[in-house]
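Take a moment with the sequence and the model.

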Amino acid sequence: MLATILAAIVALTVLSSAIIITTGIAPPGEQQQTDPQDNKKSLSIEKNKYASSEARIGFAALDRIGHQILYTTTSNANANSTPNDVTSSNNSDSNDKMTKNNNNDNNNNDKDNNNNNNNNNNNSAAPIASCGQVITKDVILSEDLECTGIGMIAGKDGITIQLNGHKLSLINTTTTRGTTPALENIGILIADYKNVTIVGPGIITGFDKGVEFAGSKGGYILDLKLTENKIGISLKVSNGITIYRNFIDGNTIGIASQSSRSWGVIAYNQIIQNANQGVMLMDSHFFIISANTIIKNGKNGIFLDVHSSDNTLLSNNILSQTVDINNADGIPINISQNVFVENSCHKALPDGLC
């Protein structure tokens, strides 16, 4: 128990410093503020100089998360500028080449070929996502997508899917009597891949599952709005997934994890008015759930089943559910080995967790 508490304290310190200070990203509640000093706010938790080996592992893992978020946001900024920069460059190149062609007719064919090659290269520089696409390189949405089934499928380790301010949604289809029930509709599916990043701003709506990681490791979900799905974010047998600074509302379940473990992070999210559960862990272990706002989510704000252990809930604002924090319907925390520190809530099972 002591080792788990120390791990949580050290890990959350790094989560705050590595993500907020290194990247300059403010928590969700402060996104609308313009004072630069607000971006430097973090949880005030003192590191214990006698931190256990488990805590040092958490320190390293969360430090890598901070660097990955910095890399992702920088890469996306470059991706945003690429289409316009490429277009401007192409226009200038085209004008120059037209002038040269007028002066030198013998080079017309060669320069036309060069223009075609440049256009092909520019098209590959910023691939555009489409419905049902298997993604094998970084992509950016250029328009809203309405899909009839799975929106996109990750097909390679380490790729980034950027919504770029657009909406990914499921088209409402009318079922015909006697037809075979449809397969699950998933907005973005990541199955058996590592370090895949889904980044907003952008909206995913209307699916059975907005985003699902299945059998994956080290993924990131950043700055999305997930609304009116059955499950906003689903984790199945996936380790080390980071869910950071998302707005998750109006789903049946906000976040659901099944048989996942090893330093999953759920931090700085707004999880509001989901019909049944805010966050639900089933047979899931070693999650750090911190600094989230979890309000009016039906039955439970955060539910941990009897098979979920060694999770840490720290400094969350969890209010206005039937039960705000539910540790396996009230089993003692010395059995589950889950840790609860400085959470703001009204109703908990067992008592004493608020």
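**Cysteine pairs, a sheet and one asparagine**

Counting the bonded cysteines along the chain, the disulfides follow the pattern 1-2, 3-4. A disulfide here is a pair of cysteine sulfur atoms within 2.5 Å. The model is predicted, so local features need pLDDT of at least 70, side-chain atom pairs count only at pLDDT 80 or more, and totals for chains, interfaces and linings use all residues. Residues are numbered from 1 along each chain as its sequence is written, and side-chain values use heavy atoms, with hydrogens and water left out.

A search of the whole structure finds two disulfides. One joins Cys-131 to Cys-147, S to S 2.0 Å. Cys-131 lies in the loop between α3 (108-125) and β1, and Cys-147 lies in strand β3 (residues 145-147), so the pair ties together parts that are 16 residues apart in sequence. Helices (H or I, at least four residues) and strands (E, at least two) are DSSP runs, numbered from the N terminus. The S-S torsion of Cys-131 and Cys-147 is about -80°, so this disulfide is left-handed.

Are these two cysteines buried or exposed? Buried means under 20% relative accessible area, exposed means over 50%, and partly exposed is in between (1.4 Å probe, protein chains only). Cys-147 is buried at 1%. Cys-131 is partly exposed at 34%.

The other disulfide is formed by Cys-345 and Cys-354, with sulfur atoms 1.8 Å apart. Its torsion is about -110°, so it is left-handed. Cys-345 is buried at 10%, and Cys-354 is partly exposed at 43%.

Now turn to the sheet. It is open, has 10 strands with parallel pairing, and runs in the order β1-β4-β7-β10-β13-β16-β19-β22-β25-β27. β1 (133-135) and β27 (348-349) stand at the edges with a single partner strand each, so one side of each has no neighbour in the sheet. Two strands pair if DSSP finds at least two bridges between them.

Look at β22 (residues 300-304): five of its five residues are buried. Four bridges join it to β19 (residues 277-282), and four join it to β25 (residues 323-327). Met-280 stands opposite Phe-303 in β22. Leu-304 stands opposite Asn-327 in β25.

Finish at Asn-292, in the loop between β20 (288-290) and β21 (293-295). Asn-292 is buried, at 1% relative accessible area. Its side chain makes a polar contact with the side chain of Asn-316 at 3.0 Å. A polar contact is a pair of N or O atoms within 3.5 Å; within protein, one must be able to donate a hydrogen and the other to accept it, and residues adjacent in sequence count only if both atoms are side-chain atoms. The Asn-292 side chain also reaches the backbone oxygen of Ile-266 at 2.9 Å.
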